[in-house]
Amino acid sequence: MERVVDLDQAAAVLAERAARWGEAGLTVGRVTWRDEAASWPQGLEIDRELVGDPDSVGVLISGPADAELSVVLFRGGWADVDFIASLDDAGTLPAFGIDSAAAFGTQLDQWIPRAFGKTSDK
């Protein structure tokens with residue numbers, strides 16, 4: 001898979017926002033990593049040191065009323081983004097053309113309010 005996004009930098013973007021999200025009442029799960037070089041089926045690791053060739057980084061963010069946002073960013077420049085805002089409002093969000101950790105942060109800043117409504121994280 002082509003290396004478009006530095007996943008370590010993307011994980012730093014997640015860490016930078018986690019405190020603000022927590023202050024806004026969101027719960028940020030542990031960051032998970034998948035190793036391209038691992039044998040199939042590739043498991044997820046929470047210890048970055050155990051991943052020699054990361055091809056994805058992910059996180060699950062939970063909020064009030066069982067709302068959730070799941071984001072898995074792939075080094076190729078796209079993400080799998082699923083959300084549940086309520087029983088009647090759930091789905092996937094478009095997430096492609098992410099060419100840097102900064103662009104990933106910009107997308108996160110749009111996905112969070114979509115899943116959880118306006119938060120006081122800014």
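This is a predicted model: local features need pLDDT of at least 70, side-chain atom pairs count only at pLDDT 80 or more; totals for chains, interfaces and linings use all residues.
Residues are numbered from 1 along each chain as its sequence is written, and side-chain values use heavy atoms, with hydrogens and water left out.

**Exercise 1.** Find out where D55 sits, and whether D55 is buried or exposed.

*Solution.* Strands here are DSSP runs of E with at least two residues, helices are runs of H or I with at least four, and both are numbered from the N terminus. Next, check accessibility: D55 has a relative accessible area of 1%, so it's buried. (Buried means under 20%, exposed over 50% and partly exposed in between, using a 1.4 Å probe and protein chains only.) Finally, look for a side-chain partner: a polar contact of 2.8 Å links D55 to the side chain of R34. (Polar contacts are N or O pairs within 3.5 Å; within protein, one atom must be able to donate a hydrogen and the other to accept it, and residues adjacent in sequence count only if both atoms are side-chain atoms.)

**Exercise 2.** Work out what Q42 touches.

*Solution.* Q42 is in the loop between strand 2 (32-35) and strand 3 (44-45). Now follow its side chain, which reaches the backbone oxygen of E36 at 3.1 Å. Then list the contacts (heavy atoms within 4.5 Å): leaving aside neighbours within four places in sequence, Q42 meets R34, D35 and E36.

**Exercise 3.** Classify the aromatic pairs in the structure.

*Solution.* First, count: a search of the whole structure turns up two. The rule is that rings of Phe, Tyr and Trp (its six-membered ring) pair if their centres lie within 6.5 Å; planes under 30 degrees apart are stacked, over 60 edge-to-face, and the rest tilted. Take F74 and W78: their ring centres are 5.4 Å apart and the planes at 20°, so this pair is stacked. F74 is buried at 9% relative accessible area, whereas W78 is partly exposed at 36%. Now take F104 and W111: with centres 6.3 Å apart and planes at 65°, this pair is edge-to-face. F104 is buried at 1% relative accessibility, and W111 is buried at 4%.
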